[in-house]
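I opened this entry to record what I looked up about the helix packing, the overall build and the ligand surroundings. I began with a term that I wanted settled before going through the helix pairs.

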Amino acid sequence: MAQKLSEYIPPRVWTWDEGDDGNKFANINRPTAGSREEKELPVGQHPLQLYSLGTPNGVKVTIMLEELLAAGHKGTEYDAWLINIMDGDQFGTGFVAANPNSKIPALMDHSVKGHPQRVFESGSILFYLAEKFDAFLPKSGAARAETMSWLMWQMGSAPYLGGGFGHFYAYAPFKIEYAINRFAMEVKRELDVLDKQLEKNEFMIGDELTIADFAIYPWYGGMARGLLYEAKEFLDVESYKHLRRWAKQLSERPAFQRGQLVNRPWDEEKGLKERHSAADFEGKV
Ligand SMILES: N[C@@H](CCC(=O)N[C@@H](CS)C(=O)NCC(=O)O)C(=O)O
């Protein structure tokens, strides 16, 4: 191994050094949970209230909601409110009540009698919506088991892609060869897992579009299309042909296109800061 970096020896007990460590997220990271300020969440007119940001974890849910609407499921209209994580919106009292883990996305379902139901963790939100509307999740048997396996696969794997590879390749204040090697290896293995699955299947689960596709596409479809971390060449994403075929096919679906525009204020041309009705997409898709 070429690079030897540090003489750091971990102390007996880790303590937090509050200074800016040069990491892009330094101003929001702390080793404690809970709210940091009083701030209620807005509530719109629809039963489903989503509090999110147009990152890969956020758009999993808006893609699914747009697919549900496109398929004509009643009760799936939603308001999507912007949670700006760089401004610390995830630490307001209202958001923490919706998700004690302070991460987007969080859903409040106001159609539940008595009190709104909170749902957090993107995979859990996809599953909740699939069960509630009886859609995009095979009812039983092998296909249902496969769908849940791939959904859980995504929830377990993406932190290697984002928190591991993305962090050390794109966001860390300096490049650490050991960390980049470790996570590049793992991400390429994950891309190959998907490539092999999609060689034999149109969608993740045979010929049926499921919540596994909604979960996997924003991360691994995004990577295969060269949209994440400017790592297209570094990870040679063009070699994953079957994954790229699937990603292209999904990217052409209007509901996927709409879902990916929601809560993206940085996309000045097409992005929506908030989404409250289908009319918000006029002229954009
Ligand atoms: N496992 C969670 C991960 C969610 C997550 O990491 N969200 C990020 C944005 S993509 C976030 O809210 N970060 C804010 C923070 O770390 O304070 C899920 O899938 O919902």
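I call a crossing left-handed if the near helix is turned anticlockwise from the far one by less than a right angle, and right-handed if the turn is clockwise. I keep in mind throughout that this is a predicted model.

Entry 1, α4 and α5. With that term in hand I looked up helix α4, residues 141-171, against helix α5, residues 177-200, and found that the crossing is left-handed, with axes that come within 9 Å and an angle of roughly 145°. On the α4 side the contact is made by S157, Y160, L161, G164, F165, F168 and Y169, and on the α5 side by A179, I180, F183, A184, E186, V187 and E190. I sorted these contact residues into 10 nonpolar, 2 polar and 2 charged.

The crossing of α1 past α6 is right-handed. P56, V59, K60, I63 and M64 of α1 meet I211, F214, A215, P218, W219 and G222 of α6, a contact that divides into 9 nonpolar residues, 1 polar and 1 charged.

S122, G123, L126, F127 and A130 of α3 touch I211, F214 and A215 of α6, and the contact holds 6 nonpolar residues, 2 polar and no charged.

Entry 4, the whole chain. I counted 8 helices and 4 strands, which follow one another along the sequence as β-α-β-α-β-β-α-α-α-α-α-α. The radius of gyration is 20 Å, close to the 19 Å that the globule rule gives for 285 residues, so the protein is as compact as a globular protein of that length. Along the principal axes, the C-alpha atoms fill a box of roughly 60 × 50 × 40 Å.

Entry 5, the ligand. Which residues are around the ligand? I listed I28, T55, N57, I85, Q90, S102, K103, I104, P105, E121 and S122, a shell that I divided into 4 nonpolar, 5 polar and 2 charged residues.

Definitions and conventions. Residues numbered from 1 in each chain as written. Predicted model: local features only at pLDDT ≥ 70, side-chain atom pairs only at ≥ 80, totals over all residues. Near = placed C-beta within 6 Å. Nonpolar A, V, L, I, M, F, W, Y, C, P; charged D, E, K, R; others polar. Helix = DSSP H or I, 4+ residues; strand = E, 2+ residues; numbered from the N terminus. Contact = placed C-beta atoms within 7 Å. Rg over C-alpha atoms; globule rule 2.2 N^0.38 Å. Axes fitted to C-alpha atoms, helices over the stretch in contact; angles between N-to-C directions.
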